[in-house]
Amino acid sequence: TMSLVLTNLKNHPDDPKYKTIKASGKVIKKVLDCTGGEDLLIACGALKSVVEFQPSYKFTLHDENQLEIINEYIARVAESIDYSKRNDVKKEEEERKQKVLRDIENDRLERLERMQRERERLALHKESQRNELQ
């Protein structure tokens with residue numbers, strides 16, 4: 001959520017639509033409900049204000065450090081998402097590998113059982129042939 005807010009701000013730094021966010025909005029409430037959410041907003045250049053009788057946050061991107069903080073935050077979120085996806089892929093690959101190994105083991109056991117039954121059948125057949133000859 002915060003990365004969306006900051007990406008919009010980064011991509012549209014002069015658009016007033018992205019420079020002011022009402023504190024009562026669904027999107028920003030998610031940020032404010034998180035520990036450190038408001039601190040992050042302020043570190044990125046947001047100032048508490050009142051717009052049209054609504055508590056709001058206005059971004060004032062005057063300082064180059066604010067843009068660096070925004071870029072760093074966006075990069076870290078993207079990194080985190082990428083890391084998470086890689087872990088999900090690794091987990092899925094490991095689960096597939098384990099399933100294949102289980103399938104191979106089950107197939108091996110089934111073949112052994114079939115071979116054992118076939119041996120028993122042949123032994124019974126030979127026994128019955130010997131009995132017939134006697």
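**Entry 1: a pair in helix α5**

I began with Asp107, which forms a salt bridge with Arg111, and I noted that their closest N and O atoms are 3.1 Å apart; the term stands for a side-chain nitrogen of Lys or Arg within 4 Å of a carboxyl oxygen of Asp or Glu. Because they lie four residues apart in helix α5, Asp107 and Arg111 are separated by about one helical turn. Side chains of opposite charge can pair when their charged atoms come close. I then looked up accessibility and found Asp107 partly exposed at 35% and Arg111 partly exposed at 40%; here buried means under 20% relative accessible area, exposed means over 50%, and partly exposed lies in between, with a 1.4 Å probe and protein chains only.

**Entry 2: what I am working with**

I am reading a predicted model, in which local features need pLDDT of at least 70 and side-chain atom pairs count only at pLDDT 80 or more, while totals for chains, interfaces and linings use all residues. Residues are numbered from 1 along each chain as its sequence is written, and side-chain values use heavy atoms, with hydrogens and water left out.

**Entry 3: the overall layout**

I recorded five helices and three strands in the protein, arranged along the sequence in the pattern α-α-β-α-α-β-β-α. These elements are DSSP runs numbered from the N terminus, helices being H or I over at least four residues and strands being E over at least two. Of the 134 residues in the protein, 15% are buried. The accessible surface comes to about 10700 Å², and carbon and sulfur atoms account for 53% of that surface; I note that the areas come from the Shrake-Rupley method with a 1.4 Å probe, and that for residues only the protein chains shown count as cover. I also looked at contacts, meaning heavy atoms within 4.5 Å, and among those between residues at least 6 apart in sequence, 52% join residues at least 24 apart.

**Entry 4: the strands**

How does strand β1 run relative to strand β3, parallel or antiparallel? I found that β1 (residues 20–22) and β3 (residues 54–59) run antiparallel and are joined by three bridges, where two strands count as paired if DSSP finds at least two bridges between them. Within this pairing, Lys22 stands opposite Ser56 of β3. Strand β2 (residues 46–51) also pairs with β3 in the antiparallel sense, over six bridges, and there Lys48 is the residue opposite Tyr57.

**Entry 5: the turn between β2 and β3**

I next followed the hairpin that β2 and β3 form with two residues between them. Glu52 lies in the loop between these strands and has a positive phi of about 50° although it is not a glycine. Phe53 is in the loop between β2 and β3 as well, and its phi, near 65°, is again a positive value in a residue other than glycine.

**Entry 6: Ser56**

Leaving out residues up to four places away in sequence, Ser56 touches Thr20, Ile21, Lys22, Ala23, Leu47, Lys48, Ser49 and Val51. I also noted that the Ser56 side chain reaches the backbone oxygen of Gln54 at 3.1 Å.

**Entry 7: other salt bridges**

How many salt bridges does a search of the whole structure find? The count is six, and I looked up two beyond the pair of my opening entry. Glu38 and Lys48 meet through their side chains at 3.0 Å, N to O, and this pair links distant parts of the chain, with Glu38 in helix α4 (residues 37–43) and Lys48 in strand β2, 10 residues apart. Glu38 is partly exposed at 26%, whereas Lys48 counts as exposed at 58%. Arg130 forms a salt bridge with Glu127, the closest N and O atoms being 3.5 Å apart, and both residues lie in helix α5, three residues and about one turn apart. Arg130 is partly exposed at 47%, as is Glu127 at 37%.

**Entry 8: a surface patch**

Last, I noted that Val100, Leu101 and Ile104 make a nonpolar surface patch of about 270 Å². Patches are made of residues with over 30% relative accessible area and no salt bridge, with like charges joined within 9 Å and nonpolar side chains (Val, Leu, Ile, Met, Phe, Trp, Tyr) within 5 Å. Val100 sits in helix α5 (residues 64–133) and is partly exposed at 45%.

Notes. Polar contact = N/O pair within 3.5 Å; in protein donor to acceptor, adjacent residues only side chain to side chain.
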